[in-house]
Amino acid sequence: MQGKMPVLKVIYFPIAGRAEPIRLALKLGGIAFEDTTPNWPEMKPKVAPLQLPLLEVDGKLVSQSIAQTRYACKLAKFEGKPLYPEDPYQALLVDELVDKVGDFFAPLIPTFGITDQKEKEAKRAELMAKGGPCEKWAANIDSVLAKSTSGFAVGDSLTMADLVIFLTVNSYRTGMLDGISPSCMDHLTHIKKHLDKIANIPQVKGYYKTKEGPGYAAYKA
């Protein structure tokens, strides 16, 4: 994307979560942004019905993390190529994979409402067991990556699809989701190779080297 870069502010909690693809895309593109932790109870009524994460673009607030990530990837270039392809068909393939992320998270969301700890852990283990709804999603992504000749999800360069897969899969490997083992996808060899490839990109490796705290170990090479 040409022209003057907007003034950007990412507003989210000090965790990876849904804002992480936005942050990582901007970092990889060398695009300046302010990473802000809000006082959410105070801010929430002022910005309702918008929800976190929020992206402030030249003073205007925008919600919806996938839309925010796509925008960041249109702004950002990595090794001379945009993180969101300019070719319509390549962009379609990226969007297809990104949209599958909702299929991965959807079965997990109801488990946050289970109050009994043992029941919650059992339900989550069931989701990630071989043939379970979340494991099926991961196996599908693994089969897509198996067809890649470059190691990237789409085409021969890093795209938004790689960032979303890398961050989504690793969110299940943090050890912070009770009932889901950090090794839950170790049997999916193409996903494992993809995680290693993205984690070892020098700029990604450098970014996570500075990150400390619960869960960040999963993102590090």
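Is Tyr207 buried or exposed, and at what relative accessibility? The legends below concern close-up views of a predicted model.

**View 1. Tyr207 in helix α10.** Tyr207 has a relative accessibility of 9% and therefore counts as buried. Beyond its neighbours within four places in sequence, the residue is in contact with Glu20, Arg23, Leu24 and Lys27. Its C-alpha atom lies 9.1 Å from that of Lys220, a residue 13 places away in sequence.

**View 2. The largest nonpolar core, with 70 residues.** The members that touch the most others are Leu83, Leu158, Phe166, Tyr172, Met185 and Tyr208. Helix α8 (residues 160-171) supplies the largest share of this core, with eight residues. In soluble globular proteins, nonpolar side chains tend to be buried together. When residues up to four places away in sequence are not counted, Leu158 touches Leu28, Phe78, Pro82, Leu83, Phe152, Leu163, Ile198 and Ile201.

**View 3. The buried face of helix α9 (residues 189-199).** Ile191, His194, Leu195, Ile198 and Ala199 are the buried residues of this helix. Viewed down the axis of α9, they fall within an arc of 125 degrees, so they line one face of the helix. The cover over these buried residues includes α7 (133-146), α8 and α10 (202-209).

**View 4. The largest pocket, holding about 900 Å³ of space.** Of its 35 lining residues, Ala16, Gly17, Arg18, Phe105 and Ser171 are the closest to the centre. The elements giving two or more residues to the lining are α1 (20-28), α3 (65-75), α5 (101-105) and α8. The largest share, four residues, comes from α8. By class, the lining divides into 22 nonpolar, 11 polar and two charged residues.

**View 5. The second largest pocket, with a volume of about 210 Å³.** This pocket is lined by 13 residues, and those closest to its centre are Leu93, Leu97, Val144, Ala153 and Val154. Helix α4 provides the largest share of the lining, three residues. The lining comprises six nonpolar, four polar and three charged residues.

**View 6. Pro85 in the loop between β6 (81-82) and α4 (88-99).** Pro85 counts as buried because its relative accessibility is 15%, and the limit for a buried residue is under 20%. Apart from neighbours within four places in sequence, its contacts are Gln90, Ala91, Val94 and Thr159. The C-alpha atoms of Pro85 and Val154 are 9.4 Å apart, although the two residues are separated by 69 residues along the chain. Val154 is also among the residues closest to the centre of the second largest pocket.

**View 7. Two cis peptide bonds, from Ala48 to Pro49 and from Leu52 to Pro53.**

**View 8. Positive phi values at Asp58 and Gln64.** Most residues other than glycine have a negative phi, and most peptide bonds are trans. Asp58, in the loop between β3 and β4 (60-62), has a phi near 50 degrees. Gln64, in the loop between β4 and α3, has a phi near 75 degrees. With 56% relative accessibility, Gln64 counts as exposed.

Conventions: Residues are numbered from 1 along each chain as its sequence is written. This is a predicted model: local features need pLDDT of at least 70, side-chain atom pairs count only at pLDDT 80 or more; totals for chains, interfaces and linings use all residues. Side-chain values use heavy atoms; hydrogens and water are left out. Buried means under 20% relative accessible area, exposed over 50%, partly exposed in between (1.4 Å probe, protein chains only). Contact means heavy atoms within 4.5 Å. A nonpolar core is a set of buried Ala, Val, Leu, Ile, Met, Phe, Trp, Tyr and Cys residues joined through side-chain atoms within 4.5 Å. The arc is that of the directions from the helix axis to the C-beta atoms. On a 1 Å grid over the protein atoms alone, a cavity is a set of points where a 1.4 Å probe fits but cannot get out, and a pocket is an open set with protein on both sides within 12 Å along at least five of seven lines; lining residues have an atom within 4 Å of a point. Grid points are joined across faces, edges and corners, and a volume is the space filled by probe spheres set on the points. Ala, Val, Leu, Ile, Met, Phe, Trp, Tyr, Cys and Pro count as nonpolar, Asp, Glu, Lys and Arg as charged, and the others, Gly among them, as polar.
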